[in-house]
Structure formats: structure tokens, C-alpha cells
Amino acid sequence: MQKGDILTLDITSVGMNGEGIGRVDNFVVFVDGAMQGEKVKAHVLQVKKSFCNAKVIKVISPSSDRVQPPCKVCFKCGGCEMQHISYAKQLEIKRDRVKSCLERECKMQFNVDETVASPQVFYYRNKIQLPISFQDGKLVGGYFAPNSHKVVAFCRQGESGICHLNCDGMQDIIDTFLDYMHAEGISHYDENSHSGTIRHLVIRKVGDKFAICVVVNGQSLKSHGKLVNALKAKGFDFSLYLSSNTHRTNVIMGDKVTVLYGEESLQGETLGVKYQVSPLSFMQVNDGVRDMIYAKVGSIIKDSGISNVIDAYSGVGIMSNIFAKYADKVYAIEIVRQAIDNSIQLAKLNGNEDKIINVCGDCAEELPKVIAKLKDKGSIVVLDPPRKGCDKRVLDALLYALPDKIIYVSCNPATLARDVKLLLSQYDVESVTPYDMFPQTKHVESVVCLIRKTQ
């Protein structure tokens with residue numbers, strides 16, 4: 001097998017990233033753009049010791065679940081991997097992925113619910129982080145091609161090829177920003193030479209308002225008042241921010257954000273809880289699915305009858321305020337001081353100052369202390385860690401303190417399975433529910449409820 005080979009393959013299964021899997025004499029071939037049950041011609045891109053990566057160049061026998069992608073660049077762009085798969089099949093693949101990860105890691109069978117569908121399967125992303133580049137004599141914005149830093153450009157409003165994931169209004173903001181850059185002669189950032197000004201354009205929609213943050217390789221944004229006027233002329237309700245990032249790094253945002261126009265933060269609401277969002281705040285990218293997950297976790301807490309909730313990895317405290325509807329006390333543990341300050345403000349905004357107790361510190365250290373206080377009262381711990389999963393010290397703390405229930409919200413089935421495996425020594429899995437937070441992509445969110453074993 002060599003790079004450049006053309007193969008004819010029967011696709012017999014699905015990979016972790018939604019790609020098709022075929023075999024040549026037991027040599028595994030991962031084929032981007034192929035689907036289970038298809039016969040395809042594929043071009044080999046990369047050869048490893050026991051497998052190779054390829055891409056479809058012709059579908060000989062298509063699957064009945066194959067659809068025509070609406071986006072013209074979906075196989076070039078790294079923004080989504082599944083637009084060629086019917087939505088019903090996408091949901092099935094994601095459920096199977098969660099189930100497969102759990103069963104392979106834990107060596108046991110799991111009952112996994114059907115994947116909960118997103119209310120919107122296109123135009124759902126409320127936040128984008130867009131690198132700016134220069135191609136074919138013009139400034140462009142787009143996502144990186146897979147495994148590269150080459151920008152695949154979005155087309156302009158009114159042209160075929162605009163991103164079908166970004167929510168309404170974002171493309172018009174992108175076009176307005178690129179026109180402003182061109183008119184003012186502002187350069188894009190070149191990561192190889194570490195020169196140029198504009199690194200990223202970050203846009204978040206909160207309700208009907210937009211938070212627009214320009215990330216620059218410098219300290220200022222030239223003639224930003226002209227950008228403000230151009231956006232006003234389009235009728236946008238927005239705030240404009242500047243983030244300075246002069247480091248040679250793949251990290252997008254700088255350490256702080258300056259308000260150039262508008263409000264310091266935008267206020268939104270979810271499930272009756274008011275929240276404030278700044279450009280540095282973390283929020284789920286799909287409002288509809290976010291609300292379904294928060295409602296699911298809230299209902300588990302409500303039905304449990306347990307009055308003390310520990311919100312580990314609590315961030316700015318949105319979930320803490322939702323939990324406060326169903327609990328007497330919510331202990332919000334977060335290591336970032338600024339996030340704790342935001343959580344305190346959020347509790348006041350929602351009238352929950354007496355219910356939410358904010359704890360600033362390392363979750364691995366603070367969690368057992370809080371659970372120890374609640375030993376005779378019972379407690380539920382909610383985990384919502386980053387993609388890398390829980391710090392093992394947090395899991396050790398849970399196994400030492402043994403709360404009555406654990407609710408684990410995960411965006412990565414692999415690290416979820418790894419962590420659940422460790423908890424199974426003292427806990428049984430009550431339910432596993434996947435949620436399609438990211439339609440048209442390989443990603444899936446899950447909510448797992450675990451209950452302490454009876455001795």
C-alpha cells in the first residue's frame with residue numbers, strides 16, 4: 001500500500017469520526033466521505049503501519065442514507081464531517097459511538113437511549129472563531145481544512161457556499177468586517193512570519209444581540225469607529241471587543257478583552273435563568289440542545305429528592321442557578337477566580353445568593369471537603385468537564401467521598417468511558433442519553449446518571 005494508490009473498497013463499518021472503514025487483505029482503510037454499505041473508489045492519502053487514510057473519489061454503489069450536502073465545500077472544510085449522511089443516520093451513528101466507547105472500555109453491556117435530535121440541524125451555531133486569510137487576491141474568512149492551517153473560505157452572502165452551520169446574521173457580519181479590512185488596508189496575520197494584524201474574528205449571538213471580538217497581533221484596531229458605523233448601518237444590535245494576542249501560539253484569544261463599543265457583557269436567558277456572557281465566557285454552541293440538557297439534569301435532581309447539589313467545574317454558574325430551582329443548597333466549585341466572581345454576580349441577578357455557595361479552588365481538593373460536610377444529608381455531584389475528561393484526582397475524591405448520585409455531562413465519549421470505568425467499582429449506571437449538540441459533525445454530547453451501589 002502506497003500514498004497515491006487508488007482502491008476499490010466495500011465499506012463495512014463506521015469509524016469514530018464518522019468516516020467509512022474498508023479493508024484490503026485485513027489492512028484497515030479509513031475513508032473520509034464514505035458510508036457503511038457502500039462500494040467506493042478511494043485515493044490513499046497517508047499510509048501507516050497497520051492502517052491508511054483515504055478519501056472518496058467516486059461512489060460506485062451509494063448507501064440509501066446518503067444525501068446531497070447543501071454546502072459546496074463540506075469535504076474540504078474542517079467544520080463538519082457528516083453533511084452527506086441523512087440526519088436520522090447521523091443520530092444512529094452517534095448513539096452507536098457512545099455505546100461502543102462505553103462497552104469497549106468497561107467490558108460490559110449498556111442500555112443507551114436514542115440520540116436526542118437537535119431542534120435545528122443547520123444554522124444552529126451561536127459562536128464561531130474564524131481565522132482570516134488572503135487568497136486569490138482577496139481577504140477571506142473560513143474554517144481550517146482538516147489537519148491543516150489552510151483556510152477554506154466561506155463565500156459571501158448571496159453566493160452558494162456560505163457556511164450552513166453558523167446562525168443567521170453571522171455571514172453578513174463576516175462580509176462587513178472583510179470589507180472594512182480591505183477599505184482600511186488592514187492586513188491578516190501570517191503565523192509563519194508572525195506578521196500582520198488580524199488573527200481571528202470571534203462572533204457570538206446571545207438572543208438577538210451579537211458579541212463581536214477582533215483578535216489582533218498588536219494592541220489596537222485601526223479606525224474601529226468605521227467598523228462600528230458599518231455594522232450599525234446593517235441594523236445589527238452588537239458590542240465590539242478587542243483581544244490582543246501577540247504570542248506565537250495556536251490559542252485564539254488573548255488574556256484580556258477591551259470593550260471598543262457597547263456593553264461589557266451581553267445578557268441572555270435559559271430555562272428562566274438570566275446569565276451574562278463576555279467574549280471569554282464558555283457557553284454551549286447550540287442553544288436548543290443546551291436547554292434540553294440543562295432541563296434533563298434539572299429533572300434528575302428534582303426527581304431524586306436530594307436537596308444538596310455540588311456543581312463541579314461550575315464555570316460562571318449557569319447550571320448552578322438552574323439547579324437552585326430544585327435544591328436547598330448548590331455548591332459551585334471552580335478554580336478560575338474570575339469565573340467565581342461571575343458566578344456570584346449571576347446568583348445575585350437570579351435571586352439565589354442564599355442558595356448558591358461558591359467555592360474557588362481545585363475541584364480535586366475541594367470536592368471531598370464539601371461532600372464530607374454533607375455526609376449525613378446526601379448529595380448529588382454534577383460533572384461537566386472539558387474534552388479531556390475529569391482529573392483522576394477528582395474521580396478518586398468521588399470514590400472516597402461517595403455522593404449518592406453522579407451526573408456526568410460529557411462532550412467526548414472516549415474520556416467519558418474511561419472515567420465511568422473507574423466509577424463502576426462503587427456506582428451503577430442508571431441512564432445514558434446522547435444529545436446531538438453538533439449536527440452535521442462527528443461530535444456528540446452525553447448525559448450519564450450514576451447511582452451509588454447499595455452495600
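## Buried serine, cavities and salt bridges

S379 sits in the loop that runs between α7 (363-373) and β19 (380-383). The model described here is predicted. With a relative accessibility of 3%, S379 counts as buried, because buried means under 20%. Leaving aside residues up to four places away in sequence, S379 touches I306, N308, I310, I371, L374, P403, D404 and K405.

**Cavities**

Searching the whole structure gives four cavities of 30 Å³ or more. The largest cavity has a volume of about 80 Å³. Its lining consists of C71, V73, C74, C77, G79, C80, Q83, Y143, F154, C163, H164 and L165. By class, the lining of the largest cavity has nine nonpolar residues, three polar and no charged.

The second largest cavity holds about 50 Å³ of space. It is lined by N126, R204, K205, V206, Y275, V277, M283, Q284, D287 and R290. Two or more of these lining residues come from each of β10 (198-206), β15 (273-277) and α4 (287-304). Strand β10 gives the largest share of this lining, with three residues. The lining of the second largest cavity divides into four nonpolar, two polar and four charged residues.

**Salt bridges**

Side chains of opposite charge can pair when their charged atoms come close. In the whole structure, 21 salt bridges are found.

R95 belongs to helix α1 and E114 to the loop between α1 (87-106) and β7 (127-135), so the pair ties together parts that are 19 residues apart in sequence. E114 is exposed at 59% relative accessibility, whereas R95 is buried at 19%.

K99 and E103 are four residues apart in helix α1, so about one helical turn separates them. E103 counts as buried, with a relative accessible area of 19%.

K209 is partly exposed, with a relative accessible area of 28%, and E263 is partly exposed at 37% relative accessibility.

How values were computed. Residues numbered from 1 in each chain as written. Predicted model: local features only at pLDDT ≥ 70, side-chain atom pairs only at ≥ 80, totals over all residues. Heavy atoms only, no water. Buried < 20%, exposed > 50% of the residue type's maximum accessible area, 1.4 Å probe, protein only. Contact = heavy atoms within 4.5 Å. 1 Å grid on protein atoms, 1.4 Å probe; cavity = no way out; pocket = protein on both sides within 12 Å on 5 of 7 lines; lining within 4 Å. Points joined across faces, edges and corners; volume = space filled by probe spheres on them. Nonpolar A, V, L, I, M, F, W, Y, C, P; charged D, E, K, R; others polar. Salt bridge = Lys/Arg side-chain N within 4 Å of Asp/Glu carboxyl O.
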